[in-house]
Structure formats: C-alpha cells, structure tokens
Amino acid sequence: MKLKFWREQLQLANTWTIARGSTNLFQVIMVQLAAPDGVTGIGEASPIRRYHESPDTVEAFFQRVDPSQLSFSDVAASMAYLNSLSSGDMSAKCALNIALLDGAGKIARKPIYDLLGLGFRDQHHITSFSIGIDTPAVIQKKVLAAEQYPVLKLKVGVPGDREILAALRAVAPKKAIRVDANEGWKTKEEALSRLEWLASDGHVQFVEQPMPQTTPVADLLWLKERSPLPLFADESYHTAADIAHCAECYHGVNVKLVKTGGVSAGFAALKTARQSGLKTMIGCMIETSVLISAAAHLAELCDFLDIDGNLLTTNDPYAGVTAGGGILSFRSAAEPFGLRTNRVTAPVAAATAAPQTDNI
Ligand SMILES: [Mg+2]
C-alpha cells in the first residue's frame, strides 16, 4: 500500500465566527491510499484546534504510519494498528479510516452505506445549514441567502445572543432552527435563563452544548431536569466511551467523524447512543465533500443531520453527496462505490499557514 497526503486551503463564503473565535480560511489534509492492484481510497482530516490538533500534527501522524500495515481487506486490523501508534490524532485516524473504507467499498463494489449494512434513503435526509455569529445585518443577509434550507443551525453563546436570534426572526419568522452555544454559557443559571428564552421562540428543536465540557455533573443534571428544550452533547461526546456521562446529562449527542476517528468509530458512537435511548445527530467541521460524504453514509443511524461544512466554502475540490434544498442525495455522484466522491478541480497548493477549524 502507498500513502500520499497533501493540504487543501478552503476559502469560506463568509467569515466564520463562533463563541471561541473567527476565521476566513481553513486547511484540511487529504490522504490517498493506493494498493498495488491500482485500487485507491481517499480520506480527509479536518483537524480541530479545540482538541490541540493542526495540519502539522496530522502530517506528523501520517509520517509515522507504515502503510504496509494498512489493508483494504481488513479495515479493523488496520485501525487497531493506527490506534497502537497514539491515543489521540483522531482527525488523522479519521482520514485513514475513510480512505480504507473507500477502497474496501470499491473492491466489494458497494457504497460504504451498504458495506455497513445501513443502506441510504436517497432524498430523505435533511441537513441543517449553519449561521455563524455575526452582526444583525450580516445574519439577515446569510439567512436570506440560505432560504432553500428548511432548517438552520444558529450559533450563539455570546453576550449578543438575543440580537442574533432577533435578526434571524426578522427575515425567517417561523423557520425551524437548532441552536449551538458551543460551551458559551458559563453558569447553570445563565444557561437555564437562555434556554427558557429560546423555548419561548416556539421553533427551536434543541440546543447543543449549552455549557463547557468541564461543567460538574451536578450542574448538568440540574440543567437537564429544568430545561424546556432537549440538550445535545457535542464537545462532551467524542466516542462511544463517553456514553455513560452523556446518557446521564443530555438528551442527545452530536457525533462527528473527526472526533470519533472515522466512519467505523462513528458507526459505533451512533449505535451506542441509540441503544442508550439518546437522540442522535451527525455533525461536521469546515470540510470538503470527502468528509461530508463520509458522514452521509451514516445518515440512517441519525435523527438529525448537520453536514453543511462544504456548503460554507467557495472552493470545494470534490463532489459527492449533494444537499440541494437541504435534502441529501447521491444520485448525481459519478462514483457508484466506496465513498462515492470524485475530484472536480485541480489541487491548489495551500500557500501559508491558516487558522484552523474550531467546533462548528
Ligand atoms: Mg456543536
């Protein structure tokens, strides 16, 4: 097996701001595995600054990998080898897991969703479209530009939360929304008062990560007992290993492939959550259609989808799953098997170090 990796610089349509900071550019790292018989698999890492990852840490991990230990015919053993190299590096492991499954699917002549036994109901699953933190005027512009998407995800967790929602409601009075506080509310009383205010809107489906991941369990239980809206863990749910804490303190979980370490571990994280009675959601970072399509292969295990990271960029170099009107479809995918993605533009060298993706 040969392993090749390179960076791509993604340009955002709008400056992206959440409770922890803002940026215009993101770098992702693509990886390609090629078997001697010519079968190839593509994967992508979108490193998360929140978890001390960067393009440099991802590339350092790839450089430690002995590609002869990886095989399209034994993804589980390949992942066991990768996990033996370090306990972290989840976005790098995620990239390799996607590439391994892409190759395995092509050999089996099946899409990954069939390889996993899940199937995929085309034009059934709906993704939300994210609106980052901004001035009221820009929020209104973004919401109007997102008219085709039936569900929006609104970023809050800053002092101007009320102005942000009011701006959205001025142009989309009744659209269904999900709210993500990204750990922005620091006390349980502050969180409860914001949740009660959001519930009074009447069209909020749930709230993601109202308080910091380090919040004491007693405070989270206090909040869960009183919250008028379902609470989803994101920064608090990395892998299936976090299930006991999340089942106790939340109503649902947001699984992201770059947190779990790939599609295989994402499958486990979603299944475990459902078995524990939690609602499930799959999310994303700023990503190309490679990571977004990988997440779409797990759609059948999800109650909610938030896989719009490629829609927020202006130079996605890949095609795969589409989301016209927010509805996911693989119908136009040129590749029938594996990840079902293909390259659509020539590689553009990532010239300079760019700020890294944060939890979206
Ligand atoms: Mg989130």
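Select D89, which lies in the loop between α2 (75–85) and α3 (90–108); helices (H or I, at least four residues) and strands (E, at least two) are DSSP runs numbered from the N terminus. The model is predicted: local features need pLDDT of at least 70, side-chain atom pairs count only at pLDDT 80 or more, and totals for chains, interfaces and linings use all residues. Residue numbers start from 1 along each chain as its sequence is written.

Most residues other than glycine have a negative phi. D89 is not a glycine, yet its phi is positive, about 55°. Is D89 buried or exposed? D89 is buried, with 24 other C-beta atoms within 10 Å. The cut-offs are 20 or more such atoms for buried, 12 or fewer for exposed, and partly exposed in between, with C-beta atoms placed from the backbone.

Next, select R109, in the loop between α3 and α4 (112–115). R109 also has a positive phi, near 55°, but R109 is exposed, with 11 other C-beta atoms within 10 Å.

Now select strand β6 (residues 176–180): 4 of its 5 residues are buried, so β6 is largely enclosed by the rest of the structure. Strand β5 (residues 151–155) pairs with β6 in the parallel sense over 5 bridges; pairing requires at least two DSSP bridges between the strands. L154 has V179 of β6 as its bridge partner.

On β7 (residues 204–208), which pairs with β6 in the parallel sense over 3 bridges, V207 is the bridge partner of V179. From β6 the chain crosses through helix α7 (residues 188–199) to β7, and this β-α-β crossover is right-handed: with the strands pointing away from the viewer, the path from the first strand over the helix to the second runs clockwise.
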